[in-house]
Amino acid sequence: MHPVINDEFYMQLALDMADRAIGQTGINPAVGCVIVREGRVVGLGAHLQRGEGHAEVHALQMAGEAARDATAYVTLEPCSHYGKTPPCSLRLLEAGIKRIVIGCLDPNPAVSGRGATLLREHGVEVVAGVLQPAAEALIEMFAKYITTGLPYVTLKTASTLDGRIATHTGDSRWISNEQAREQVHAMRHRHHAIMAGIGTVLADNPSLTTRLAVPGLHPTRLIVDSQLRLPLEAKAVADRTAPTIVFTTSRADAGKREALEARGVQVVAAGDGPQVDLRHMMEWCGSQEIGSILLEGGGRLNGAMLEGRWVDRVVLFYAPTIVGGQASPANFAFDGVSRMNDAYRLRHTRVDTLGDNVCISGYPFGTVFERIAATRDVKGGSDDVHGTR
């Protein structure tokens, strides 16, 4: 059966285009736009790079004069403010668009709703909320960053059925199958940074790069290393494919810091205590416009990030194997809860199969948009927050 051709049909096309651009727009959201006139698609566009034309601009350029009296389908509310580019709302008005269908409003409290209001005030019919859940899921990383100034964190682990990420000897290759590993590299492509603890780096000496069948984007490498044990010959140091940032403390050896910096590694003292201060680290990342992090840590780092409520989404890959052994490291290592009612429970879970592997994903503290709705002032946001589109 052919799909029904309606607003949802064209919005899905816009969502599909935007989804393909996730990872390459910096801290900007991925956005898609489709322009339809008299039953014919006359313009297509997606936001491809921060500081360059938005999805609406690309679609309007393709449509040309055919945009007049047409309908524009946009996954995210058109911007109404001057940022790195002029407002898209004005471009749509100038082109003569007569109807706008929007997936979701801008989560930025300083501008949310303004684009839609501007268009309505100029006589444009505006329909908002078409395929809204999918549109919000598309920009959840942007929503976290623009409302908090902190990066969105996806925690990923690959383990055996008994929750082990290696045997008692430290052997971990390979737990997951090739299909699961391909998914992980696609996730790296879609995040600004990848984070690992020094234990993982010492055990596996990973490159922490994106390796796909086609060229992919390499995330910035973040290594949590309180005592600066990172070997100078480690792949994450020697390889210059992507920047490497090491988080340590002010107590770390100054000579080792100088040696790492001489090899192009940026060393950041995140706190004065014996361990890296996670809040300091996350706030520093946000200040450097690192808007999303793929956490591929060991059990201790995973547990600390989860306990600190820094994790937004969890993606767990399970292989149909059991290794046992009390000394085998677990995917989460922390003191744990005393009651099942206090356990971290994933919400909005999804289960996928990849060959003989199973992927379970979900949100330990609710989706970003649920948290925004619970905390947002109904009268609007702060003028201190500005849009980045």
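Predicted model: local features only at pLDDT ≥ 70, side-chain atom pairs only at ≥ 80, totals over all residues.
Residues are numbered from 1 along each chain as its sequence is written, and side-chain values use heavy atoms, with hydrogens and water left out.

Helices (H or I, at least four residues) and strands (E, at least two) are DSSP runs numbered from the N terminus. Strands of a sheet pair through backbone hydrogen bonds, either parallel or antiparallel. Two strands are taken to pair if DSSP finds at least two bridges between them. An open sheet is formed by 5 strands in the order β2-β1-β3-β4-β5, with mixed pairing. Its edge strands are β2 and β5 (125-128), each of which pairs on one side only. Neighbouring strands of this sheet are turned by 15° against each other on average, direction ignored; axes are lines fitted to C-alpha atoms, for helices over the stretch in contact, and angles run from 0 to 180 degrees between N-to-C directions. Within the sheet, β1 (residues 32-37) pairs with β3 in the antiparallel sense over 4 bridges, and I35 stands opposite A72 in β3. Helix α2 lies across β1, β2 and β3 and runs at about 145° to β2.

The loop between β2 (40-46) and α2 (55-63) contains H54, and the loop between β3 (71-76) and α3 (88-95) contains C79. An unreviewed UniProt entry lists H54, C79 and C88 under "binding site"; positions follow the numbering used here, feature names are shortened, and annotations may be inferred rather than shown by experiment. These residues span 35 residues in sequence, yet no two of their C-alpha atoms are more than 9.5 Å apart, so they gather at one spot. H54 is buried, with a relative accessible area of 1%, and C79 is also buried, at 2%. Buried denotes under 20% relative accessible area, exposed over 50%, and partly exposed in between (1.4 Å probe, protein chains only).

I245 stands opposite Q266 in β10. The chain passes from β9 through helix α10 (residues 254-262) to β10 in a right-handed β-α-β crossover, meaning that, with the strands pointing away from the viewer, the path from the first strand over the helix to the second runs clockwise.

Conventions: Contact = heavy atoms within 4.5 Å.
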